[in-house]
Amino acid sequence: MATLRLHSLTATSEKIPTSPFVPSSRVLSASFHCNEKRVSRRMTINAMGGGAKYKGTQMREKQLSEMIEKKVTEAKQVCEGDETSDECRVAWDEVEEVSQAKANLRLRLEVEKKDPLESFCLENPETEECKVYDD
Amino acid sequence: MAVCSAYTTQSLNSTCSISTPAKTHLGFHQKEVVFYRRSSKRGGSGSSSGPCVITCSAGDSQTVVIGLAADSGCGKSTFMRRLTSVFGGAAEPPKGGNPDSNTLISDMTTVICLDDYHSLDRTGRKEKGVTALDPRANDFDLMYEQVKAIKSGVAVDKPIYNHVTGLLDPPELIKPPKILVIEGLHPMFDERVRDLLDFSIYLDISNEVKFAWKIQRDMAERGHSLESIKASIEARKPDFDAYIDPQKKYADAVIEVLPTQLIPDDNEGKVLRVRLIMKEGVKHFSPVYLFDEGSTISWIPCGRKLTCSYPGIKFHYGPDTYFGNEVSILEMDGQFDRLDELIYVESHLSNISTKFYGEVTQQMLKHADFPGSNNGTGLFQTIVGLKIRDLYEQITSSKTAAPLEATKA
């Protein structure tokens, strides 16, 4: 059975922010069509931080989030000894890399409102990554 | 654009077959079509059947190369989107290829991420103790060779650096576009690559603004805190100052983003002061100016004709020197609130290379949801996009070569 999950947001009348990472329109729109046989495929959910249509994108989001957490912990540990050491700098650079990658993915989903795997999945619909995300 | 010259003394209405030798007896390479007339064995009369040779040199379709130095990841940045939008069409990743490709392709432009030229993947960098900012983590020889090849019209197999896995993936084919944009940390680091650039831009974000933006970017992430964000910026600073920052003296245009001076002690990074620093004397590039070129102007557009809300808008324009180069600086502090403010400002700027009145405003409105659409970052990125279009048109029209000559016997 498919469930429709809505993230509750307060729509803000905020001006367009200047950060490259936070889009202005936090519009929540959900539309779904149900027929008796198959429910999940026709659900489209457009929510803040969502827009991920394919399993592969959802996996990447999760993976990157986990990596951020893990690498921040690593960096703190490595830097305990010497903050100016090479290892310390490399560790925080890794944190930056995955943080940026996650932000880019989020930006693409929210601003472009298109799953990055769209064109890949049109050509390879049968792969694991291209299973349509349904909960 | 290709130039074709047909060399023949024979009539072209005889049967010709097409052969494309790599190197003909005429001594040219590639991109040649040679028509050989099949000699019909019909008596000995008539003209000798020599080859009719049509050579097309596609070398005239030189790709215009733009370099963009930015520390905000690759190919997905707002600047790139605005730039490709000026040329029309949306930029998409290569269809059907590696889904983690960093490349963006539109009708006119291809944007390449310079992270693809990492010589060390994440593990390799960890082992050697170098950050991605360090030149030792990048293969500048390959970067130079491939950009040079694309510029001269040859497709290349470019590696892919996968930011999710941290590995170097199998290469993807990059065909020469009309405009190639190389974006990343080191577009102007290597002198040979620098010489290939027709125009270069450096996005210079001040430390305070960088901190504010990264807070907005990362605070929602579970792993991050104010301390971790700060620590990450601090740790990268030495390499950034040593390897990335020095590139700005080579840039034809620098977009400098600073905290506003309109609000005392503002540290939110929401209202911004943005400076467009334009080098003088750059071929095909005429700097934008306010009212009177070469003079110094301070301008507050808000007043009787235009009402603005707090904190308002303040412009400055004037000549200056920047790392020993003569430059013109156009500066905007504040925010646009309404459409009419934007059009009012646009109507007072000169040399913005628009094709019609209101084009800047139209472009900004088209992407009103992009970050920076209400301040100098969006405005100057859009203007630089139009200047690049202008530069491209100037370069390609100056290459409009001799018309097609086709001789008929």
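Among contacts in chain B between residues at least 6 apart in sequence, 64% join residues at least 24 apart. Contact here means heavy atoms within 4.5 Å. This is a predicted model, in which local features need pLDDT of at least 70, side-chain atom pairs count only at pLDDT 80 or more, and totals for chains, interfaces and linings use all residues. Residues are numbered from 1 along each chain as its sequence is written, chains are lettered from A and ligands numbered from 1 in the order in which they are written, and side-chain values use heavy atoms, with hydrogens and water left out.

Chain B has nine helices and 18 strands. Both are DSSP runs, numbered from the N terminus: helices are H or I with at least four residues, strands are E with at least two. Of the 409 residues of chain B, 55% count as buried. Buried means under 20% relative accessible area, exposed means over 50%, and partly exposed lies in between (1.4 Å probe, protein chains only).

Now look at the rings. A pair of aromatic rings is described by the distance of the centres and the angle of the planes. Rings of Phe, Tyr and Trp (its six-membered ring) pair if their centres lie within 6.5 Å; planes under 30 degrees apart count as stacked, over 60 as edge-to-face and the rest as tilted. The structure holds seven aromatic pairs over all chains. One of them joins B:Tyr289 and B:Tyr317, a tilted pair with 6.5 Å centre to centre and 45 degrees between the planes. This pair links distant parts of the chain: B:Tyr289 is in strand β14, B:Tyr317 is in strand β16, and they are 28 residues apart. B:Tyr289 is buried at 17% relative accessible area. B:Tyr317 is buried too, at 1%. Elsewhere, ring pairs link B:Trp299, B:Phe315 and B:Tyr344 into a cluster.

Rings also meet charges. A charge sits over a ring if NZ of Lys or CZ of Arg is within 6 Å of the ring centre and within 35 degrees of the ring normal. B:Lys210 lies over the face of B:Phe240, 3.8 Å from the ring centre. The charged end of B:Arg81 sits over B:Phe370, 5.7 Å from the centre of that ring.

Next, find B:Arg192 in helix α4. B:Arg192 is partly exposed, at 33% relative accessibility. B:Phe140 is 52 residues from B:Arg192 in sequence, yet the two are 9.0 Å apart in space, C-alpha to C-alpha. Leaving aside neighbours within four places in sequence, B:Arg192 is in contact with B:Phe140, B:Asp141 and B:Tyr144.

Finally, the disulfides. A disulfide is a covalent bond between the sulfur atoms of two cysteines. Here it is taken as a pair of cysteine sulfur atoms within 2.5 Å. In chain A, they follow the pattern 1-2, 3-4, with bonded cysteines counted along the chain. A:Cys79 is joined to A:Cys88, S to S 1.9 Å. That link is right-handed, with 105 degrees about the S-S bond. A:Cys121 and A:Cys130 form another, with sulfur atoms 2.0 Å apart. The torsion about this S-S bond is about -80 degrees, so the disulfide is left-handed. In chain B, B:Cys302 and B:Cys308 are bonded, their sulfur atoms 2.1 Å apart. This link is left-handed, with -95 degrees about the S-S bond. B:Cys308 counts as partly exposed, at 23% relative accessibility.
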